[in-house]
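Here is a short note on the aromatic rings. Please read it with the model open.

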Amino acid sequence: MAEDDFYTKDGTVDYQGNPANKKKTGTWKACPFIIGNECCERLAYYGMSSNLVRYFKHQLNQHSSVATRNNQNWSGTCYITPLIGAFLADAYLGRYWTIAVFSTIYVFGMTLLALSATVHGIRPRCYTEDNCNPTVTQTAVFFVALYLVALGTGGIKPCVSSYGADQFDDTDEAEKKHKGSFFNWFYFSINIGALIASSVLVWVQDNVSWGWGFGIPAIAMAVAVAFFFSGTRLYRNQKPGGSPLTRLSQVLLASFRKLQVKVPSDKSLLYETADAESNIRGSRKIEHTQDLSFFDKAAVETESDHIKGTVNPWRLCTVTQVEELKAVIRLLPIWATGIIFAAVYSQMSNLFVLQGERMNTHVGNSTFKIPPASLSIFDTLSVIFWVPVYDRIIVPVTRKFTGHKSGLTQLQRMGIGLFISIFSMIVAALLELERLRIVRKHNYYELKEMPMTIFWQVPQYFLIGCAEVFTLIGQLEFFYEQAPDAMRSFCSALQLTTIALGNYLSSLLVTIVTSITTRNGKLGWIPDNLNYGHVHYFFWLLAVLSVLNLGAFLLIAKWYTYKKPVGTLR
């Protein structure tokens, strides 16, 4: 074996900054530390967030619509802050140090959150379970802690999945074929953490105390940090490539400056570095594509582009730099179709929980009561069931028919998930219709729990879990693969913003629906007592939007042009 073959060719380095040795770093040797970190971090996140809408409602004394809106706004922020972390990772810090710094902020926020539910003076005073009287200061401390967690998660979410994928050399076919499996098992680990959170921790919050309910996630987050640092010597690290926003801005400005310049029919005349490697640190060259040809103007050479023998990057850009912008623009329509899916997904921690509160939460004939938020365990079990089925059965079977190394393309996988998500909303609406029929028939309006078992919610959770395995894991892999090499954290963060915008969209829809349906003294679709409401109308609304969204996705996917990297890096 040549000495060259001992080292990766995708530009990764080891923890000392030397070229990464294939035998000593990366692949499945490094992944257990990254996957273990993610499992503990997700346990912390879901352990705190799964039941948050009930904390808002019962401990902070907020109405159902206000609690739902605050929960969704915070959840949305957790998926917007990754843009900050991604920018720092791609431009300056690299993924390793971004995860390390923001994890520290995360632990501090989780600790403050636990203290706000434990320490006398900053803990809301409660007279009974549903009768609390928080002061402005107590509420403020809680929200400060929450939004510190939102900031902390912003450095972790966009980097961890990309960092795991970085452990497999893109230029080595033997390593590259394991990358799809990594995303599947990465998402599997997320749901192992979520499983413990939605079962054990939600029960602790409802039956022991909120202090322990938030304290255990804080401890889990500290363990996550320890897991991450343990694997330092085994990791492969991509070098930060400088500000991606600067490079994108240069292409835009150069294109408009050359508005009157004609793009040559021979694309080999467009400007590119003569070296085998790209001039963008940490990035391979990208092959020219025919679409979005307006931006090719930025790579057309003119006399004014060279000042004293050097290239002015605000006047002349390389083909690779132009293709970076094209790659991001192509991702945007696919990105937009994820927003409606995210709005559907967000119902698990909002209206599904409030719907479950009004159902019989006893397990069989026993006195044990399952917390409504714990039903999300069936979403988690669905994911845990479908990930190995997809990885070990669906991929090999479909590969025989399609010839594609992953069985299904990432876009096909995402489309199937969008289709399945429609049925989760239909099932939720039909359940609510039947629940309200029984309420009306037997006059159960004022019963805290009507005699219909909460386990009728299982199908809607299970369907969302199945849709996740197709759509969300497909998105993770798609946005990583189609991102320019030096913008992978940024594009992972872009994918995460669909979750944020889905939460914001759901919050906006709740606000609009509440505003319209409560006119003239009416209770509206989502009153405090859902026995008087029409939550099924909201589920039908999301089902209709999901059908329209699937149609848009199919049109966009049909015309998508894939990125084609060329060359290697050392």
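Is Phe 423 buried, exposed or partly exposed?

1. Phe 423 is partly exposed, at a relative accessible area of 38%; buried means under 20%, exposed over 50% and partly exposed in between, with a 1.4 Å probe and protein chains only. Phe 419, at 45% relative accessibility, is also partly exposed.

2. The model is predicted: local features need pLDDT of at least 70, side-chain atom pairs count only at pLDDT 80 or more, and totals for chains, interfaces and linings use all residues. Residues are numbered from 1 along each chain as its sequence is written, and side-chain values use heavy atoms, with hydrogens and water left out.

3. Rings of Phe, Tyr and Trp (its six-membered ring) pair if their centres lie within 6.5 Å; planes under 30 degrees apart are stacked, over 60 edge-to-face, and the rest tilted. The count by this rule is 38 aromatic pairs. Tyr 163 and Tyr 235 are edge-to-face because their ring centres are 5.1 Å apart and their planes lie at 70°. Tyr 163 belongs to helix H5 (residues 136-165) and Tyr 235 to the loop between helix H8 (210-230) and helix H9 (244-257), so the pair ties together parts 72 residues apart in sequence. Helices are DSSP runs (H or I, at least four residues), numbered from the N terminus. Both Tyr 163 and Tyr 235 are buried.

4. Phe 419 and Phe 423 also form an edge-to-face pair, at 5.2 Å centre to centre and 75° between the planes. These two residues are four apart in helix H14 (residues 410-442), so about one helical turn separates them.

5. One aromatic cluster is formed by Trp 28, Phe 168, Phe 182, Phe 183, Phe 186 and Tyr 480.
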